[in-house]
Amino acid sequence: NAAHHPTSKRTTEERHRAEAELRKVYVIFVNAEIDAKISEEESENDEMYDKLNEIIISASEVLEEFKGHLRQFIVDDKGVVLIATFGLRGSTFPNLVKEKALPATLAIHERLLQNCGVNNRVGATFGKAYCGVVGGIRRHEYAVLGPTVNLAARLMANPSNPGVLVDNNVQHEAGTSYEFTALPPVKAKGYTDPVPIYEPRGAVERRWLKAEKGFVGRKDEMMKILETAKAIMFSPCGAQFFLVTGESGLGKSAVVSQAVERLKKLGLMKRKRVVVTKKVTKEVEKLAPFSAFRTIFLDALREIEAQLRNGSGSDLDESKHSISLSRHSLFKKHGGNSAHGLGSSRHSLSNSQHQNRRA
């Protein structure tokens, strides 16, 4: 057997030692609160197996989307626990916590609640841990070990856990992108002092930028936006929308803000009413159908309702048109560059016909 050959054994040990490392890792512990005990009733067991499959599939889909790893899925007499990680070798990213790990943590919690109907408690931490193989030559596994891992498990099991708890490292890394509620510190193995803990309340909504004076550049993108809007405002065409895509920081919000300001002025000149509404979706809403458009639809319906209440008393043109713009991730690029637009924002144009038309 090659595994027992001295050279083979030495090579395996050397490889295991070479792969072992201390690195900063984000660890998630999830406790799904379901009864996973085997019953004498076959139908009850089948329901339990289906629910367990549903839990692991839902969590795996979120981890795949955010580029995380499923470490373990444990079902024993202590309950159902899922362990996941971010930041292992080959899967590190800039702004790992606030753009990948923490959004995934909240998404898993919400997904199990909403899609699976399973109450769950989550603990998440970020810090240095041993990452490498543990065990012998013939039987071993890749493990993540350290005080931060133990702390994540402790936060998950905390009796006062409201749903999701994180440590101060996660809160620090997330910065001002998320809102947190501070809770009483806890004592944990491997820590001398009590550890501050927090409940993440969700992502802070980004502000819609104001149009700046002296804006220069992006003429082609601006013209495309204005042409689409004019087609809706001044011709009987159907509803249209445009997509603005590009890397973060290229100025997507700035160019759209400028376009909106120009459209408002154009509407006043032509006696057209321009209504602007926006929606900033949270990471946990990405899996919900039409999450980016719900607020826009509601605002459009409210606008139509207001027009019906006001009757024909408005001094504006009877043919009412509205332009709706929402901010979220864009899904299309034109050619090789992100021209026509810029970023992870979704912008849509919608046309609501004259005021006596009901929704």
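Residues are numbered from 1 along each chain as its sequence is written, and side-chain values use heavy atoms, with hydrogens and water left out. Because the model is predicted, local features need pLDDT of at least 70 and side-chain atom pairs count only at pLDDT 80 or more, while totals for chains, interfaces and linings use all residues.

**Overall make-up**

The protein has eight helices and ten strands; these are DSSP runs numbered from the N terminus, helices being H or I with at least four residues and strands E with at least two. Of its 359 residues, 42% count as buried. Buried means under 20% relative accessible area, exposed over 50%, and partly exposed in between, with a 1.4 Å probe and protein chains only. The accessible surface comes to about 20300 Å², and 50% of that belongs to carbon and sulfur atoms; the areas come from the Shrake-Rupley method with a 1.4 Å probe, and for residues only the protein chains shown count as cover. Among contacts (heavy atoms within 4.5 Å) between residues at least 6 apart in sequence, 71% join residues at least 24 apart.

**The nonpolar core**

A nonpolar core is a set of buried Ala, Val, Leu, Ile, Met, Phe, Trp, Tyr and Cys residues joined through side-chain atoms within 4.5 Å. The largest one has 37 residues, and those with the most contacts inside it are Tyr-26, Ile-28, Phe-86, Leu-102 and Val-166. Two or more residues each come from S1, H2, S3, H3, strand S4 (120-135), strand S6 (164-167), helix H5 (168-174) and S7. H3 gives the largest share, nine residues.

Tyr-26, leaving aside neighbours within four places in sequence, touches residues that include Ala-84, Phe-86, Val-97, Leu-102, Phe-126 and Val-170.

**Helix H2**

Helix H2 (residues 42-66) has 25 residues and reaches 37 Å from its first C-alpha to its last, close to the expected 36 Å. The expected span of a helix is 1.5 Å times one less than its number of residues. Among the buried residues of H2 are Asn-45, Met-48, Leu-52, Ile-55, Val-62 and Phe-66. Their cover includes strand S1 (21-32), strand S2 (69-76), strand S3 (79-86) and helix H3 (96-114).

Ala-107 is found in helix H3 and counts as buried at 4% relative accessibility.

**Aromatic pairs and a charge over a ring**

Rings of Phe, Tyr and Trp (its six-membered ring) pair if their centres lie within 6.5 Å; planes under 30 degrees apart count as stacked, over 60 as edge-to-face and the rest as tilted. A search of the whole structure finds two such pairs.

| Pair | Centre to centre | Angle between planes | Class |
|---|---|---|---|
| Tyr-26 and Phe-86 | 6.2 Å | 85 degrees | edge-to-face |
| Phe-180 and Tyr-198 | 6.3 Å | 75 degrees | edge-to-face |

Tyr-26 in strand S1 and Phe-86 in strand S3 are 60 residues apart, and their pair links distant parts of the chain. Both Tyr-26 and Phe-86 are buried. Phe-180 lies in strand S7 (residues 178-186) and Tyr-198 in strand S8 (residues 195-203), so this pair ties together parts that are 18 residues apart in sequence. Phe-180 and Tyr-198 are buried as well.

Lys-100 lies over the face of Phe-93, at 5.0 Å from the ring centre. A charge sits over a ring if NZ of Lys or CZ of Arg is within 6 Å of the ring centre and within 35 degrees of the ring normal.

**Single residues**

Most residues other than glycine have a negative phi. Lys-67, which follows H2, has a positive phi of about 70 degrees although it is not a glycine. Lys-67 lies in the loop between H2 and S2 and is partly exposed, with a relative accessible area of 45%. Asn-95 also has a positive phi, near 50 degrees. Asn-95 lies in the loop between S3 and H3 and counts as partly exposed at 41% relative accessibility.

Glu-13 is placed in helix H1 (residues 6-19) and is partly exposed, with a relative accessible area of 29%. The C-alpha atoms of Glu-13 and Ile-137 are separated by 7.2 Å, although the two residues are 124 residues apart along the chain.
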